[in-house]
Amino acid sequence: MPSPPSFALSTKLTQRALVPLSTRLLRPCSYILRQPFLRKFQNSSIMSQEKVIATLDKSLIPRLPESSPTLFEAKKARNLTFEDIARKLGREEVAVAALFYGQAKASPEDIKNLSELFDVPHEVLENQLSAWPDRGRTLDMPPKEPLIYRLYEIVQNYGYAYKAVLNEKFGDGIMSAISFSTKVEKETDEKGDWVVITLRGKWLPYTRF
């Protein structure tokens, strides 16, 4: 049987050489390109679902009551936000955070609910939370922590503007920080996340005497 023409042999070799080679090259490349992006997407999805909770800065402990480490350790162990705890206590989350830092007085009902939520003996919390708060000891003035300093800076920049507008609306007096409530809310739009802090205090006119 005569040998096939040389060009036919060359064509067969080319087909056998090129087709598997292109398959071997293209398929792994597409896998290698997609895999990092897939992992990145999966990691970002997992991170977005993680709960971020506030913990206690240990450098503050000498300035805080003994209840603060107890409460913060229990909070961390349960992986609870202040919003979670506030829901259990039926209070605003800022009020609950103030209680954790020793800046607010816990009621008997608060102590009972915290004991149940954290599984901490009632007598331990009752003993630690029964003292009167010694307010204002945790903070240096001016504040050093950047986020807290920004709040201080707002008062520096707008303090007299607030005073002028308040005087025009209410007269000569001050806003109470005792008959008072505050809350923090989050708003999101196409430009990003926005902080909304509400301060609600009773107006106290100066007494004439």
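**Close-up views of a predicted model**

View 1. Once helix 5 ends, the chain runs into Asp-119, and the phi of Asp-119 is positive, near 60°. Keep in mind for this and every other view that the model is predicted.

**View 2. The buried side of helix 5 and its neighbours.** Helix 5 covers residues 108-118, and its buried residues are Asp-110, Ile-111, Asn-113, Leu-114, Ser-115 and Phe-118. So who are the neighbours? These buried residues pack against helix 2 (67-78), helix 3 (82-89), helix 4 (93-100) and helix 6 (122-129).

View 3. Searching the whole structure turns up eight aromatic pairs. One of them is Phe-100 with Phe-118, an edge-to-face pair with 6.2 Å centre to centre and 80° between the planes. The pair ties together distant parts of the chain, since Phe-100 sits in helix 4 and Phe-118 in helix 5, 18 residues apart. Both Phe-100 and Phe-118 are buried.

**View 4. Two lysines over rings.** Elsewhere, Lys-105 places its charged end over the ring of Trp-132, 5.3 Å from the ring's centre.

**View 5. Two tyrosines on helix 7.** Here the ring centres of Tyr-158 and Tyr-162 are 6.5 Å apart and the planes meet at 50°, so this pair counts as tilted. Both tyrosines lie in helix 7, four residues apart, which is about one turn of the helix. In an α-helix there are 3.6 residues a turn, so residues three or four places apart point the same way.

**View 6. A nonpolar patch on the surface.** Leu-147, Leu-151, Ile-154, Tyr-158, Tyr-162, Met-175, Phe-180, Val-184, Val-195, Ile-197 and Leu-199 make up this patch, with about 1,100 Å² of accessible area together. Helix 7 (146-170), strand 1 (173-189) and strand 2 (192-205) are the elements that each give two or more residues to the patch. Which element gives the most? That would be helix 7, with five residues. Met-175 is found in strand 1; its relative accessibility is 35%, so Met-175 counts as partly exposed.

Terms used
Residues are numbered from 1 along each chain as its sequence is written. This is a predicted model: local features need pLDDT of at least 70, side-chain atom pairs count only at pLDDT 80 or more; totals for chains, interfaces and linings use all residues. Side-chain values use heavy atoms; hydrogens and water are left out. Buried means under 20% relative accessible area, exposed over 50%, partly exposed in between (1.4 Å probe, protein chains only). Contact means heavy atoms within 4.5 Å. Patches are made of residues with over 30% relative accessible area and no salt bridge: like charges are joined within 9 Å, nonpolar side chains (Val, Leu, Ile, Met, Phe, Trp, Tyr) within 5 Å. Accessible areas come from the Shrake-Rupley method with a 1.4 Å probe; for residues, only the protein chains shown count as cover. A salt bridge is a side-chain nitrogen of Lys or Arg within 4 Å of a carboxyl oxygen of Asp or Glu. Rings of Phe, Tyr and Trp (its six-membered ring) pair if their centres lie within 6.5 Å; planes under 30 degrees apart count as stacked, over 60 as edge-to-face and the rest as tilted. A charge sits over a ring if NZ of Lys or CZ of Arg is within 6 Å of the ring centre and within 35 degrees of the ring normal.
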